Amino acid sequence: MTEQTSNQSGVSGSEIDRRTVLQSTATAAAVAAGGVGVSGTASASTTTSVSFERMTIESYDGTELGATLYVPAESGPRPSVLMTHGWGAFRQSPITVPKAMEYAKDGYAVLTYDSRGFSSSEGTVGLNGPRETKDAQRLIDFLANETGQYGVDVALDGPDNPRVGMDGISYAGGIQFQVAAADDRLNAMVPRITWNDLEYSLAPNGVVKSGWLTALLGLGEVNTLFDGDAQVTDKLTEWYTDAIADNEVPDDALRAFEQRSVADKSNIDTPTFLMQGWTDSLFNPTEALRTYRQLQDAGTESRLLFYEGGHDLSELTVEFSDRGRMNDHAVRWMDQHVRGQNTEVAQVSNYLDQRDRWREDEQFPPADTSFETYELANGGEGASAEIEQGWAWFTDEAVTYEWSADEDIELIGEPEIELSVDVEGPEARLFFELFHDGDNINGMDQPMLLDGSGRHEVSVTYPAIQEFVNEGDSIGLEVSVTNTWYLDSRTSDGTTIDATNSRLHLPQRPDGNAPEEDEDEEDDDCWWFC
């Protein structure tokens with residue numbers, strides 16, 4: 001029987017079942033909110049230029065991993081790309097398939113797989129731990145030994161050493177660093193919207209990000225309900241329960257987060273092209289920036305791209321042309337480091353949402369950026385302000401300081417907040433947000449735990465932002481004691497801000513120094529989540 005195959009995605013209609021539909025729905029929610037034995041029968045389908053084989057690959061411990069090999073039309077040894085998917089998703093998702101097709105059309109052998117415990121892969125989800133790392137290494141073994149059985153010869157650097165890169169978003173971005181640290185066969189990687197430090201991601205400055213923890217655990221559980229013995233490790237549920245009960249992340253969870261974080265690794269030398277969303281509330285822009293700086297300091301070749309999206313509803317509205325541009329840059333990165341071609345990718349690429357254009361820079365932030373200091377005492381709220389959780393109608397839960405821009409400027413970089421505060425009670429939790437004419441800039445915020453009563457001198461690094469501000473526009477800083485995405489303090493008796501000793505430092509540059517618009521035409525051959 002001949003399967004009907006989409007010329008865009010390479011996924012046949014017969015692949016879409018009830019579980020796939022349910023998982024597609026959950027994946028969309030997550031955005032708003034990855035010699036070897038081969039077992040089973042591999043089924044083949046084709047498009048006009050790419051064929052694919054679905055198969056089951058046995059991992060190092062006998063766990064069976066569902067996989068698809070995309071075979072390009074070109075003959076001869078082919079470079080390869082290994083890809084998995086985001087948390088709670090699956091390899092056939094509309095987030096993964098178009099990227100795989102993009103590489104395959106460019107002549108790469110692409111192996112996509114369901115990460116351990118998700119979709120058609122057996123096992124227990126372990127949050128990109130040692131087992132998931134060994135799974136990826138075994139799949140690299142598979143590519144190294146694919147010499148035509150499935151219609152493609154994979155190019156090699158040596159015995160059991162394929163020419164291979166990795167690409168993927170979020171959870172599929174995190175595993176790339178685990179593999180790079182454990183296996184020197186990886187030639188290049190493209191981690192998209194992923195983390196630098198999971199402790200910073202899920203409990204920044206000691207404050208539990210309960211909204212995202214709840215969403216992620218629920219999504220992981222939902223996406224393993226239909227997969228037999230697959231499940232999310234009980235440890236995740238235990239950590240979540242303890243964090244909510246104790247208002248802090250347990251120590252064993254913090255140790256696990258550290259082991260799975262780029263911040264804990266000093267041996268990453270794989271060329272890395274980082275892509276990060278400006279409006280990502282799960283892994284904010286500073287995560288990619290910290291990884292970029294870490295790699296740069298280590299002498300690792302790396303590039304950085306910011307776009308208007310991420311783990312946020314804005315991901316749904318990214319233009320096809322912009323997705324095409326990002327995917328084109330990713331292929332160029334692989335062409336340079338996996339295929340060995342003389343291609344280039346800009347050091348820093350930055351999508352300017354207010355101008356609807358891209359800009360390329362030599363560094364981030366641009367060289368002419370400097371810090372401007374805004375005194376809270378000049379922000380209109382007087383010398384001091386007391387804020388506390390709303391136990392009564394007359395309680396102020398937030399205070400806002402506001403200034404007027406005296407010229408056209410671009411805010412770009414990581415703002416710094418110096419705050420002098422008096423804490424009543426055993427602790428306080430403060431939440432900071434920056435505003436432009438009353439609108440939150442990039443949808444960002446930053447919490448801070450103040451442990452102990454008395455005077456605190458607080459220094460807070462705010463997530464990286466990019467915003468054009470016109471002369472006369474207002475710039476605002478809100479400090480509050482409550483935030484729906486985090487766990488508030490349960491023991492605070494109030495906080496008093498000493499504005500005379502507090503200030504906001506904004507990284508900015510004159511808007512008139514912005515480069516001319518990039519006129520390059522980009523390929524629009526892209527669809528939805530490509």
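**A close look at Asn-187**

Mentor: Leaving aside residues up to four places away in sequence, Asn-187 touches Asp-157, Pro-162, Arg-163, Val-164, Thr-270, Pro-271, His-337 and Val-338. Please keep in mind that this is a predicted model. Asn-187 belongs to strand β10, which covers residues 186–192. Its relative accessibility is 14%, and because buried means under 20%, Asn-187 counts as buried. One of its contacts, Arg-163, is 24 residues apart from Asn-187 in sequence, yet their C-alpha atoms are 6.6 Å apart in space.

Let us now turn to the aromatic rings. The count comes to 16 aromatic pairs. In one of them, Phe-118 and Tyr-171, the ring centres are 6.2 Å apart and the planes stand at 90 degrees, so the pair is edge-to-face. This pair links distant parts of the chain, 53 residues apart: Phe-118 is in the loop between β5 and β6, and Tyr-171 is in helix α4. Phe-118 is buried, with a relative accessible area of 0%, and Tyr-171 is buried as well, at 2%. Together with Trp-87, Phe-118 and Tyr-171 form one aromatic cluster.

Charged groups also meet rings here. The charged end of Arg-290 sits over the ring of Tyr-200, 4.3 Å from its centre. Likewise, the charged end of Arg-355 sits over the ring of Phe-468, at 3.7 Å from the centre of that ring.

Methods
Residues are numbered from 1 along each chain as its sequence is written. This is a predicted model: local features need pLDDT of at least 70, side-chain atom pairs count only at pLDDT 80 or more; totals for chains, interfaces and linings use all residues. Side-chain values use heavy atoms; hydrogens and water are left out. Helices (H or I, at least four residues) and strands (E, at least two) are DSSP runs, numbered from the N terminus. Buried means under 20% relative accessible area, exposed over 50%, partly exposed in between (1.4 Å probe, protein chains only). Contact means heavy atoms within 4.5 Å. Rings of Phe, Tyr and Trp (its six-membered ring) pair if their centres lie within 6.5 Å; planes under 30 degrees apart count as stacked, over 60 as edge-to-face and the rest as tilted. A charge sits over a ring if NZ of Lys or CZ of Arg is within 6 Å of the ring centre and within 35 degrees of the ring normal.
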